[in-house]
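Subject: Structure handover and findings

Hello,

Here is the structure for your files. My notes follow below it.

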Amino acid sequence: MKYTSLIWAALSYPERNNPLYIKNFSNSHPDLKYHYIAHTSIDVIEERVSNGPKNLDLYLGLLYAMEDLAVYGYITNTRVKLVVVVSVTDGTIRDSDMKALFKKIHSAYVTTVCNPFYTIDAQKSITSKAFSTAIEGIGMELRNTIEI
């Protein structure tokens, strides 16, 4: 399986559906496209959560596909939404791979917000250098293992 690009968007607290962090690992897709995808994904996640069972699995699976991009979703216990967009040229993506990826991103997020010196602001993007470094590390690890 070959992944040609990846981006992450950790999205909003429940009361404000604004992107908290967007990281683009692609050189071929512009950042603006991912902002559009992030906002669209919030709506899809909100729809699934409101219409689905109350004891929902955190991993939401494939939200939708658009052109050569596959959009996957995850929602934390505190209703913070995580989105991963993968550009896939060949094959399919296994849910177990995506679940593992989301767990790593979720863990980096939890580590950041549990830091007593980090101030959480739902109206601003995540500015933690530790979080950015963790996401970069996850991206580099994926590049080395699955050919992003």
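First, a definition: a residue is buried under 20% relative accessible area, exposed over 50%, and partly exposed in between, using a 1.4 Å probe and protein chains only. This is a predicted model: local features need pLDDT of at least 70, side-chain atom pairs count only at pLDDT 80 or more, and totals for chains, interfaces and linings use all residues. Residues are numbered from 1 along each chain as its sequence is written, and side-chain values use heavy atoms, with hydrogens and water left out.

Aromatic pairs

Rings of Phe, Tyr and Trp (its six-membered ring) pair if their centres lie within 6.5 Å; planes under 30 degrees apart are stacked, over 60 edge-to-face, the rest tilted. Helices (H or I, at least four residues) and strands (E, at least two) are DSSP runs, numbered from the N terminus.

The structure has three aromatic pairs. One of them joins Tyr21 and Phe131, edge-to-face, at 4.8 Å centre to centre and 85° between the planes. Tyr21 sits in strand β2 (residues 16–24) and Phe131 in helix α3 (residues 129–146), so this pair ties together parts 110 residues apart in sequence. Tyr21 is buried at 11% relative accessibility. Phe131 is buried too, at 1%.

Tyr74 and Phe102 form a stacked pair: 5.2 Å centre to centre, 10° between the planes. Tyr74 belongs to strand β4 (residues 69–75) and Phe102 to helix α2 (residues 95–113), 28 residues apart, and the pair links these distant parts of the chain. Tyr74 is buried, at 3% relative accessibility. Phe102 is buried, at 0%. Tyr59 joins Tyr74 and Phe102 in a cluster linked by ring pairs.

How many residues of strand β3 are buried? Six of the eight (the strand spans residues 59–66), so β3 is largely enclosed by the rest of the structure. Two strands pair if DSSP finds at least two bridges between them. β3 and β4 pair in the antiparallel sense, over six bridges. Ala65 stands opposite Ala70 in β4. The hairpin of β3 and β4 has two residues between the strands, and Glu67 in this hairpin takes a positive phi near 55°.

Arg79

Arg79 has a positive phi of about 70°, although it is not a glycine. Arg79 is in the loop between β4 and β5 (81–90). At 34% relative accessibility, Arg79 is partly exposed.

Best wishes
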